[in-house]
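These are my notebook entries from a first look at a single model. I wrote down each thing as I looked it up.

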Amino acid sequence: MKARIKWLDHMSFVGESGSGHSVVMDGPPEAGGRNLGPRPMEMLLLGMGGCTSFDVVMILQRSRQAITGCEVEIEAERAETEPKVFTRIHVHFIVTGRGLSEKHVERAVKLSAEKYCSASIMLGAMAEITHDFEIREACPDESPAGEGA
C-alpha cells in the first residue's frame, strides 16, 4: 500500500490513497487549522471503524444472515501527555436485519476484533479496546444496504 500526503496551507493537508481517493485533513483553529476536515487522529478511528464494519458485514452475509444495516459508534480516550496515543477505545455495533441471530452477530464482532480487522488489532497493541453490539429488527420493506434506491 502507498499513500501521499501534501500540505495545502495553514494546517490543512490532502491525503491521497494508493487507490486514488483523496481526503482533506485539517487541524483545529487553536493549532492554526481552519477546521476543513477531520483531524489525523480522527482518521485513525474512522479507518478502524470502516475496517471492522467491513468484516462484520461480510461475515454475517457469508453466514446467510439477513443483514440490512450496520453502524459503528466509536468512543476513544487519549493520553493526556505527548504522545497523545489512544488509551481506550469502545466500539458499539448497531446491526439491523431480519431475524438476526445474536450468536452470529457476537461471533462476527469477535472474529473481526480478534482475527480479521488489522486496524483494530494494531491499535489494540496500544489501547484497551472493548466491543458491544445491539440488534435491531429491520422494517419489512427495508432493503439491504446498497440495494435499491
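Predicted model: local features only at pLDDT ≥ 70, side-chain atom pairs only at ≥ 80, totals over all residues.

I began with the lining of the largest pocket and noted that its largest share, four residues, comes from helix 1. By pocket I mean, on a 1 Å grid over the protein atoms alone, an open set of points where a 1.4 Å probe fits, with protein on both sides within 12 Å along at least five of seven lines, and lining residues are those with an atom within 4 Å of a point. I looked up the size next and found a volume of about 640 Å³ for the largest pocket, where a volume is the space filled by probe spheres set on the grid points, which are joined across faces, edges and corners. Strand 1 (3-9), strand 2 (12-17), strand 3 (22-26), helix 1 (40-62) and helix 3 (118-124) are the elements that give two or more residues to this lining. The lining has 21 residues, and Met1, Ala3, Met43, Leu44 and Gly47 are the ones that lie nearest the centre of the pocket.

Residues are numbered from 1 along each chain as its sequence is written, and side-chain values use heavy atoms, with hydrogens and water left out.

Then I turned to the whole chain. I counted three helices and six strands, which follow one another from the N terminus as β-β-β-α-β-β-α-α-β; helices (H or I, at least four residues) and strands (E, at least two) are DSSP runs, numbered from the N terminus. Along the principal axes, the C-alpha atoms fill a box of roughly 50 × 35 × 30 Å. Of the 149 residues, 28% are buried, where buried means under 20% relative accessible area, exposed means over 50% and partly exposed lies in between, with a 1.4 Å probe and protein chains only. Among contacts between residues at least 6 apart in sequence, 55% join residues at least 24 apart, a contact being heavy atoms within 4.5 Å.

I also looked up the charges and found 16 positive and 22 negative side chains, with the centres of the two sets 8 Å apart. Lys and Arg count as positive and Asp and Glu as negative, with His and the chain ends not counted.

Which residues did I follow up one by one?

Val23, in strand 3, is partly exposed at 29%. I found Val23 in contact with Phe13, Val14, Gly15 and Met43, leaving aside neighbours within four places in sequence. From Val23 to Trp7, 16 residues apart along the chain, the C-alpha distance is 12 Å.

Is Thr96 buried or exposed? I found Thr96 buried, with a relative accessible area of 15%, and placed it in strand 5 (residues 86-98). Residues up to four places away aside, Thr96 touches Ala66, Ile67, Thr68, Gly69, Arg136, Glu137, Ala138 and Glu142.

I then checked the backbone in the loops. His10, in the loop between strand 1 and strand 2, has phi near 45°, a positive value in a residue other than glycine, and counts as partly exposed at 46% relative accessibility. Arg64, in the loop between helix 1 and strand 4, also has a positive phi, near 60°, and is exposed at 76%. In the loop between strand 4 (66-78) and strand 5 I found Pro83, and the peptide bond from Glu82 to Pro83 is cis, with omega near -10°.

My last entries are on two further residues. Ala125 lies in the loop between helix 3 and strand 6 (128-137) and is exposed at 70% relative accessibility; the C-alpha atoms of Ala125 and Thr87, 38 residues apart along the chain, are separated by 10.0 Å. Asp9, in strand 1, counts as partly exposed at 31%, and its C-alpha is 30 Å from that of Glu75, 66 residues away along the chain.

Technical notes: Charge placed at Lys NZ, Arg CZ, Asp CG, Glu CD.
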